[in-house]
Amino acid sequence: MSSASTPFSEGDDDGDGVSGSQCQQSGSLLVSNMDRIGLSTDASSNLRLLLASQSPRRREILDMMGLAGRYTAEPSPLDEEKLQIELAEKKYSPHDYARTLAERKAHASAVDMDMPSDDEKVILIIGSDTIVDLDGNIMEKPKDESDAFDMITRLSGNWHQVHTGVAVYAVGGGRKVVDETKLLFSFTDTANVKFASLTEHDIRSYIASKEPMDKAGSYGIQGIGGQLVEKLEGDFFTVMGLPMHRFSRELSNAIGLLGI
């Protein structure tokens with residue numbers, strides 16, 4: 001799936017589907033367009049958001065952005081394990097791997113959704129995926145504690161990259177979005193992270209907290225795992241699971257171009 005697929009403009013190599021000059025009157029960030037997004041309980045709203053994920057970290061970031069009560073969260077029906085095998089066989093770069101997973105998650109939720117009955121109504125579906133990249137090797141969530149120990153040991157004392165892919169599909173909207181489902185934008189944001197040199201006792205104590213077991217690369221920067229991080233270059237929220245600033249800018253632009 002090409003990340004350049006968009007009804008609005010040609011995307012670039014980084015997958016920025018929405019581009020062009022910002023509307024200065026409406027502001028360039030989502031905070032300026034928050035009133036266009038309806039409450040999740042308001043079926044009459046012309047614009048609603050769906051997070052295609054049950055990640056508590058992504059929900060926390062959306063809430064911090066002021067979107068609490070303005071979105072619903074449902075896991076994507078995508079078979080992630082099957083797709084991960086497919087992408088690995090095709091030798092996707094970690095950067096493209098993260099974006100493609102985000103696109104496929106959002107798309108799977110989009111095609112699984114009932115179309116809004118009113119042509120004026122649009123649902124925006126947010127897909128996201130975060131991976132840890134050590135020297136080009138992708139680290140997903142650990143299979144078990146032994147796998148977590150191996151990952152953290154490899155990260156200890158080293159720099160690595162964290163890639164978070166984001167994609168937003170629109171469902172409904174009649175002529176506003178051209179098709180019933182349409183990719184509005186997708187991108188990958190990358191942060192560089194340096195781990196401290198850890199002792200075996202540090203690593204085993206962290207694993208004993210159980211925090212690593214549901215996280216890419218076996219650590220969570222927003223929790224106990226933040227103690228492992230010595231330096232960070234880039235957006236903290238990219239490492240946490242959703243790059244707040246860039247997502248705000250891209251979503252605000254998309255909403256403005258939809259004209260809702």
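R246 and E250 both belong to helix α7, where they are 4 residues apart, about one turn of the helix. Helices here are DSSP runs of H or I with at least four residues, strands are runs of E with at least two, and both are numbered from the N terminus. The model is predicted: local features need pLDDT of at least 70, side-chain atom pairs count only at pLDDT 80 or more, and totals for chains, interfaces and linings use all residues. Residues are numbered from 1 along each chain as its sequence is written, and side-chain values use heavy atoms, with hydrogens and water left out.

The side chains of R246 and E250 form a salt bridge at 4.0 Å, N to O. The term stands for a side-chain nitrogen of Lys or Arg within 4 Å of a carboxyl oxygen of Asp or Glu. Both R246 and E250 are buried; buried means under 20% relative accessible area, exposed over 50%, and partly exposed in between, with a 1.4 Å probe and protein chains only. Through shared partners, salt bridges link D189, R246, R249 and E250 into one network.

D189 is buried at 15% relative accessibility, and R246 is buried at 11%.

## Other charged contacts

In the whole structure, 15 salt bridges are found. One of them joins the side chains of K210 and E145, at 2.5 Å from N to O. K210 is in the loop between α5 (200-208) and β7 (229-233), and E145 is in helix α4 (residues 145-155), so the pair connects parts 65 residues apart in sequence. E145 is partly exposed, with 39% relative accessibility.

A charge also meets a ring: the charged end of R204 sits over the ring of F149, 4.1 Å from its centre. This label requires NZ of Lys or CZ of Arg within 6 Å of the ring centre and within 35 degrees of the ring normal.

## Strand β5 and its partners

What lies on either side of the pairing of strand β5? Strand β3 (residues 122-134) runs antiparallel to β5 and is joined to it by 12 bridges. Strand β6 (residues 181-195) is also antiparallel to β5, with 13 bridges between them. Strands count as paired if DSSP finds at least two bridges between them.

D129 has G165 in β5 as its bridge partner, and Q161 stands opposite N192 in β6. Of the 14 residues of β5 (residues 159-172), 12 are buried, so the strand is largely enclosed by the rest of the structure.

## Aromatic pairs

There are 3 aromatic pairs in the structure. The ring centres of F185 and F187 are 6.2 Å apart and the planes are at 15°, so this pair is stacked. Rings of Phe, Tyr and Trp (its six-membered ring) pair if their centres lie within 6.5 Å; planes under 30 degrees apart are stacked, over 60 edge-to-face, and the rest tilted. F185 is buried, with 0% relative accessible area, and F187 is buried at 0% as well.

F236 and F237 have ring centres 5.5 Å apart and planes at 85°, so the pair is edge-to-face. F236 is partly exposed at 32% relative accessible area, and F237 is partly exposed at 21%.

## R154 on helix α4

R154 is located in helix α4 and is partly exposed, at 34% relative accessibility. Neighbours within four places in sequence aside, R154 is in contact (heavy atoms within 4.5 Å) with L134, N137 and M139. The C-alpha atoms of R154 and L134 are 8.4 Å apart, although the two residues are 20 apart in sequence.

## The chain as a whole

The chain contains 7 helices and 7 strands. Their order from the N terminus is β-α-β-α-α-β-β-α-β-β-α-β-α-α. Of contacts between residues at least 6 apart in sequence, 72% join residues at least 24 apart.

The chain has 260 residues, of which 51% are buried. Its accessible surface is about 11,800 Å², and 46% of that belongs to carbon and sulfur atoms. Such areas come from the Shrake-Rupley method with a 1.4 Å probe; for residues, only the protein chains shown count as cover.
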